[in-house]
Each structure stands twice: as C-alpha cells, then as structure tokens.
Amino acid sequence: MTKNDAYIHSSSEVSEKCKIGEGSKIWHFSHIREGATIGKNVTIGQNVYIDKDVEIGDNCKIQNNVSIYKGVKIDNNVFIGPSVVFTNDVYPIVDGWSDKKIVDTHIKNDVSLGANSTILAGITIGEFTLVGAGSVVTKSLPSNCIVYGNPAKIKSEDYRKE
C-alpha cells in the first residue's frame, strides 16, 4: 500500500496492494480492496466499500455508506453523497457469476451524485452533471445537466458551462 501521508483510521481495512494519494483520508470502518487506486486529497467517509481495481481521481469526497464496485472509474472533483450505490452487472444472478459479467461505468470530472442515488452498470455521466438525491440513473448522461427521478431524467441543460 502506498500511503503518501494519507490518514487511515485504525478501524478501516485497507489492502497492502492498493494506492492511496497524498493527503487522502479514510474514516471509520471502510474497506479498500487490492488494486484500488485513490487519488490525492480524497475524503472517504465511514463504512465505504471500494472494490478491487476501482479508480478514484483527485479531490473527491465520498460520503458515508457508499459502495463502489469493480468496473467503476471516478475522475477528479467528484462528490458522492451518502448511501450512493454503483452496480457493475446488468443482469445479476448467483449461478454462473464471474468477473466477465462486469460492465464498466465512468463518472467524469466535477460530477455531484445526490444521497441514495443508484448508478446502474455500463453508463457514463458527463462532466459538471448534478444527479438529484434518490435518483436511479439507468442511461448515460451528457455534461452540464441536472437530472433526478426514477428513472433519472434531464430537468435542466447547460447547468455549468465554462
């Protein structure tokens, strides 16, 4: 494990085979699996699960009770609200499951995911997109929009164009 001046609470389980960037903080009862890469200045709240080979960029904030499964890539400056869940299998079943069923999901720079949102496998969320609390994101989303609902629908475009 590469600590690089990171703070890791003693109750957290962090694999020796992951990378944690400088200035990052991992709080109570979190679990970081082997192969995970966590960027600089990332805050990981309590009871967060980060699966094998997940990539998280710099300056992200991951609130309590979040689950991020293998196949998810999160870019820089992303806010993930409490109890957000990412899925990684479009058709989950118990019998015959393998890593071959994992479908990649990509959260681009400067996205905010509201509390209790569910992000289904195989989508991309564009830069500067805001997902409202409790939303279920079932399709890829463009940049610069506000979405909410079940299923999440675009409610406003041109949210934060530079």
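Okay, hi everyone. Before anything else, keep in mind that this is a predicted model.

Let's start with the sheet. We've got 6 strands making an open sheet, and the order runs β3-β6-β9-β12-β15-β18, with parallel pairing. So which strands stand at the edges? Those are β3, residues 19–20, and β18, residues 124–125; each has a single partner strand, so one side of each has no neighbour in the sheet.

Now zoom in on one pair. β12, which covers residues 72–74, runs parallel to β15, residues 105–107, and there are 3 bridges between them.

On to the core. The largest nonpolar core contains 36 residues. The ones with the most contacts inside it are Ile50, Ile56, Ile68, Ile74, Ile80, Phe86 and Ile125. As for elements, β12 and β21, the latter being residues 145–148, are the ones that give two or more residues to this core.

Let me pick out Ile50. Leaving aside residues up to four places away in sequence, Ile50 touches His31, Ile32, Arg33, Ala36, Ile38, Ile44, Ile56 and Ile68.

Last stop, Asp5, in the segment before β1, which is residues 7–8. Buried or exposed? Asp5 is exposed, at 65% relative accessible area. Still, Asp5 does have contacts: skipping residues up to four places away in sequence, it touches Glu22 and Gly23.

Notes
Residues numbered from 1 in each chain as written. Predicted model: local features only at pLDDT ≥ 70, side-chain atom pairs only at ≥ 80, totals over all residues. Heavy atoms only, no water. Pairing = 2+ DSSP bridges. Helix = DSSP H or I, 4+ residues; strand = E, 2+ residues; numbered from the N terminus. Core = buried A, V, L, I, M, F, W, Y, C linked by side-chain atoms within 4.5 Å. Buried < 20%, exposed > 50% of the residue type's maximum accessible area, 1.4 Å probe, protein only. Contact = heavy atoms within 4.5 Å.
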